[in-house]
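Please look through the sequence and the model before reading on, and keep both in view while the text leads you from one part of the fold to the next.

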Amino acid sequence: MLYLKRAVGTARAASHTMRGPAFANVRPFLGAEVGASLVLSQMLAHHAVTPELCLLDFAITHCVYGRDRYLDRYTGPLTTWSFSTTAAWVGASYLLLDAGQWACVPVLALLVLGYKDYKAKLGVFKPIVIGALWSYAINGLPVDAGGSFWDAFWLYGTLYASASNLADIKDVSADAERGIETVPVKFGVNGTYVLSGVVASLSLTALPAGASWEDYAIQAVVVAIMCYCGLKTSVVSSVAEE
């Protein structure tokens, strides 16, 4: 009985550790939420989401976003994350070559090796670059890519450019201290909400008519971003007046 109680206690402690801070610190380096967002966006864009495409998406997001987040927090000797992001990079490059996406291989190498430095130098143009890269990943990587590519490219490019602006708001103080001129730093938080709402609204010009649940879902996302930006603009303006 004593042995059983100890075993149960050990299992509970392990479970608590996995749910606690140690496991929470792992999630940013995985970049899994970014990979899931990419897969979902490809599905909403009416592309065939194959196992190979999912593996490619998660490998790309881990070696780019996971590596970037890792380098932001750690400057010591090589660790497991150094090897895992490198392995993801090699795997993603192989999958790109296998899919005939030759031109994407050097672009991926550039992102893996220089994204941390380049994103700071892009300044206010960062959302445009991020939007274009995400849009190509959504509409250019799937094996069934084609059809109205440029309409979809505009739709997701403006949508993710808007989202990039909003994501930069949380780092506005740190970016200002480091001299990184993002949109929130240059135009202020309120101006960023306004600009992001306007950019998101531009995607309405390329939205499909809403013949399927995927079309309705992406329309709902656009409207939600616009409403969120409008609400935050009102809140920030009210606080500033007080």
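Predicted model: local features only at pLDDT ≥ 70, side-chain atom pairs only at ≥ 80, totals over all residues.

**How the helices are packed**

Where α5 and α6 cross each other, the crossing is right-handed. Two packed helices are described by the angle between their axes and the distance between the axes. For α5 and α6 the angle is about 165° and the axes are 9 Å apart. Angles over 145 degrees count as roughly antiparallel, and α5 and α6 are therefore roughly antiparallel to each other. The residues that bring this pair together are Trp89, Ala92, Ser93, Leu96 and Leu97 on the side of α5, which meet Cys104, Val105, Leu108, Ala109, Val112 and Leu113 on the side of α6.

On α8 the contact involves Trp154, Thr158, Ala161, Ser162, Asn165, Leu166, Asp168 and Ile169, while α10 contributes Val183, Pro184, Val189, Thr192, Tyr193, Leu195, Ser196, Val199, Ala200 and Leu202.

With these two pairs in mind, turn to the whole chain. How many helices and how many strands are there in the protein chain? The chain has 11 helices and 0 strands, and its pattern along the sequence is accordingly written α-α-α-α-α-α-α-α-α-α-α. Of its 242 residues, 38% count as buried. Among the contacts in the chain with a separation of 6 or more, 65% are accounted for by residues 24 or more positions apart.

**The nonpolar core**

The largest nonpolar core has 39 residues, and those that touch the most other members are Val64, Leu108, Trp134, Leu141 and Tyr156. At least two residues of this core are supplied by each of α3 (32–44), α4 (51–73), α5 (80–98), α6, α7 (126–140), α8 (149–169), α10 (183–202) and α11 (213–241). The largest share, 7 residues, comes from α4.

When neighbours within four places in sequence are left aside, Leu141 is in contact with Gln42, Leu53, Leu56, Asp57, Ile60, Leu96, Gln101, Cys104 and Tyr136.

Is Ile138 buried or exposed? Its relative accessible area is 0%, so Ile138 is buried. Not counting residues up to four places away in sequence, Ile138 touches Leu38, Ser41, Gln42, Ala45, His47, Tyr156 and Tyr160. Gly157 is 19 residues from Ile138 along the chain, and the C-alpha atoms of these two residues are separated by 9.6 Å.

Asp68 is found in helix α4, and because its relative accessibility is 7%, under the 20% limit, Asp68 counts as buried. Beyond its neighbours within four places in sequence, Asp68 is in contact with Tyr115, Lys116 and Lys119. Lys126 lies in helix α7, and with a relative accessible area of 12% Lys126 is buried. Leaving aside neighbours within four places, Lys126 is in contact with Tyr115, Lys119, Ser164 and Asp168. How many disulfides does the structure hold? It holds 0 disulfides. Cys229 is in no disulfide, and the nearest cysteine sulfur, that of Cys227, is 9.4 Å away. With a relative accessibility of 1%, Cys229 counts as buried, and Cys63, at 0%, counts as buried too.

**A residue at the partly exposed level**

The last stop is Ala120, whose place is in helix α6 (residues 104–122). Its relative accessible area is 31%, so Ala120 is partly exposed. Ala120 and Glu181 are 61 residues apart along the chain, and their C-alpha atoms are separated by 7.8 Å.

Conventions: Residues numbered from 1 in each chain as written. Heavy atoms only, no water. Helix = DSSP H or I, 4+ residues; strand = E, 2+ residues; numbered from the N terminus. Buried < 20%, exposed > 50% of the residue type's maximum accessible area, 1.4 Å probe, protein only. Core = buried A, V, L, I, M, F, W, Y, C linked by side-chain atoms within 4.5 Å. Contact = heavy atoms within 4.5 Å. Disulfide = S-S within 2.5 Å. Axes fitted to C-alpha atoms, helices over the stretch in contact; angles between N-to-C directions. Parallel < 35°, antiparallel > 145°, perpendicular 65-115°, else oblique. Left-handed = near helix turned anticlockwise from the far one by under 90°.
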